[in-house]
Amino acid sequence: MKNCPYCGKAMSSGYIFSPRSCAVYWLPTGVRLKSWIVTTKSVNESGGIVLGEASKYGFIAKRRMVSYYCKECKCLISV
């Protein structure tokens, strides 16, 4: 168990899931995908990151990232 970097309280570990087992990705504020098809390449080229790992055959989650959640701060950290 990790402690929250903001308040120092214990964080709960878990995973981020998505509907239909699709991989999850993050984009900077104000940025849109450069392609209308979501792939690891299109996310990376748009300045984003795929959380975990997507398979080569469709944007399906292959590996999920461990995430930690602080109930006090409502902070979520993925590693």
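Two strands are said to pair if DSSP finds at least two bridges between them, and the strands themselves (E, at least two residues), like the helices (H or I, at least four), are DSSP runs numbered from the N terminus. This is a predicted model, in which local features need pLDDT of at least 70 and side-chain atom pairs count only at pLDDT 80 or more, while totals for chains, interfaces and linings use all residues. Residues are numbered from 1 along each chain as its sequence is written, and side-chain values use heavy atoms, with hydrogens and water left out.

**View 1. The open sheet has three strands in the order β1-β6-β7, with antiparallel pairing.** Its edge strands are β1 (12-15) and β7 (75-78), each of which pairs on one side only. On average, and with direction ignored, neighbouring strands of this sheet are turned by 30 degrees against each other; axes here are lines fitted to C-alpha atoms, for helices over the stretch in contact, and angles run from 0 to 180 degrees between N-to-C directions. Strand β6 (residues 66-70) and β7 run antiparallel and are joined by four bridges, and Cys70 stands opposite Cys75 in β7.

**View 2. The whole protein chain has one helix and seven strands.** Followed along the sequence, these elements give the pattern β-β-α-β-β-β-β-β, and the C-alpha atoms fill a box of roughly 40 × 25 × 15 Å, taken along the principal axes. Of the 79 residues, 22% count as buried, where buried means under 20% relative accessible area, exposed over 50%, and partly exposed in between (1.4 Å probe, protein chains only). Among contacts (heavy atoms within 4.5 Å) between residues at least 6 apart in sequence, 44% join residues at least 24 apart.

**View 3. One aromatic pair is present in the structure.** The pair is edge-to-face, because the rings of Tyr25 and Phe59 have their centres 5.9 Å apart and their planes at 75 degrees. Rings of Phe, Tyr and Trp (its six-membered ring) pair if their centres lie within 6.5 Å, and planes under 30 degrees apart count as stacked, over 60 as edge-to-face and the rest as tilted. Distant parts of the chain are linked by this pair, since Tyr25 belongs to strand β2 (residues 24-26) and Phe59 to the loop between β4 (53-54) and β5 (61-63), 34 residues apart. Tyr25 is partly exposed, with a relative accessible area of 32%, whereas Phe59, at 13% relative accessibility, counts as buried.

**View 4. Ser42 lies in helix α1 (residues 40-45).** With a relative accessible area of 5%, Ser42 is buried. Its side chain reaches the backbone oxygen of Ile37 at 3.1 Å; a polar contact is a pair of N or O atoms within 3.5 Å, and within protein one must be able to donate a hydrogen and the other to accept it, while residues adjacent in sequence count only if both atoms are side-chain atoms. Not counting residues up to four places away in sequence, Ser42 touches Leu33, Ser35 and Ile37.

**View 5. Ser46 is placed in the loop between α1 and β3 (49-51).** Ser46 counts as buried, at 7% relative accessibility, and a polar atom of its side chain lies 2.8 Å from the backbone oxygen of Ser42. When neighbours within four places in sequence are left aside, Ser46 is in contact with Leu27, Pro28, Val31, Arg32, Leu33 and Lys34.
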